[in-house]
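Hello,

Please find the structure below. My notes on it follow.

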Amino acid sequence: MRREKRVELIMSKEAKDSHADRIEELIYLIKILRGPNGCPWDRSRSFDDLCRYLLEETYEVVDAIVAKDVKGLSEELGDLLFQVLFLIRMAEDEGMFRLEDVVTNVLAKMIRRHPHVFGPERIQDVEVIKKNWDVIKRDIEGKVEDKSDLLAGVSRSMPALMKAQLIQEKASAFGFDWTDVNGVVDKVEEEWRELREILHDENRDRVAEEIGDCLFAMVNLCRFIGVDAEGLMRKTVDKFARRFTYVSEKIRERGMKLGEVSLEEMDRLWEEAKTKDL
């Protein structure tokens, strides 16, 4: 099929299939929920309310992906889709925009940003494709970021570790970076020394600031060696939870509670959990 025809088909109403019919049913269900005879709680929702639920559902999708839970992923994607469509319905009720506008805009954007798929270009180099993407955003769509502001284009609601790593990547793109990993490690050690020097300072705000500097330096080390700091921390927290659960279960098996055993015994069980690769 010629690429021009492929674009025409995607943009046409005739592109609908049975999947679209199921989406229509979900949209209709949301319309009922938001209607006068629907659910009072759903009708009372605001955009601010849905920010929380949208984030919760997004993280649950991530959890299912990390756990390789196929059934759970299907369910969580459904919950996330519901939140997206619910938001769009609220916008329609306010006369802001319609679902058709959302879909039309994203279709046009994705086609425009993939000239190597829908246009005459033949590019296989991923780095070139990424650069072209940025050029299209800047020169065709007019989305010019203030390069002096590292927070430009960065979501304020983004998790802190992810946000730190993204900002560090932006700074690195302008040459503000170490030449090798040794410089990053030296910075981590420098921040750690500064923290140790004032750890017992009565000024808790100063101590907290130094802890923040240590965390930021560690995120930079993750970035430099190509590790996702947010994902790494998630895995580490999950590992701690698994091992602590093991300790707790072993104590309960003895008919005791966590507070009834010594720290030494909990440490012994902790080391036991480590030998089991938990």
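Buried means under 20% relative accessible area, exposed means over 50%, and partly exposed lies in between, with a 1.4 Å probe and protein chains only. This is a predicted model, in which local features need pLDDT of at least 70 and side-chain atom pairs count only at pLDDT 80 or more, while totals for chains, interfaces and linings use all residues. Residues are numbered from 1 along each chain as its sequence is written, and side-chain values use heavy atoms, leaving out hydrogens and water.

Overall fold

The protein chain has 13 helices and zero strands (DSSP runs, H or I of at least four residues for helices and E of at least two for strands, numbered from the N terminus). Its radius of gyration is 25 Å, well over the 19 Å that the globule rule gives for 278 residues, so the chain is more spread out than a compact globule. That radius is taken over C-alpha atoms, and the rule is 2.2 Å times the number of residues to the power 0.38. The C-alpha trace spans about 70 × 55 × 40 Å along its principal axes. Of the 278 residues, 26% are buried. Contacts (heavy atoms within 4.5 Å) between residues at least 6 apart in sequence join residues at least 24 apart in 53% of cases.

Salt bridges

There are 18 salt bridges in the structure, each being a side-chain nitrogen of Lys or Arg within 4 Å of a carboxyl oxygen of Asp or Glu. Three of them are described here.

- Asp93 pairs with Arg34, with 3.1 Å between the closest N and O atoms. The two belong to distant parts of the chain, 59 residues apart: Asp93 is in helix H5 (residues 70–93) and Arg34 in helix H2 (residues 18–34). Asp93 is partly exposed at 36% relative accessible area, whereas Arg34 is buried at 14%.
- Asp49 pairs with Arg45, the closest N and O atoms lying 3.5 Å apart. Arg45 counts as buried at 17% relative accessibility, and Asp49 as partly exposed at 26%.
- Arg112 and Glu141 meet at 2.9 Å, N to O. Arg112 is in helix H6 (residues 99–112) and Glu141 in the loop between helix H8 (126–140) and helix H9 (160–173), so this pair ties together parts that are 29 residues apart in sequence. Arg112 is partly exposed at 34%, while Glu141 is buried at 18%.

Through shared partners, salt bridges also join Arg34, Arg89, Glu92 and Asp93 into one network.

Regards
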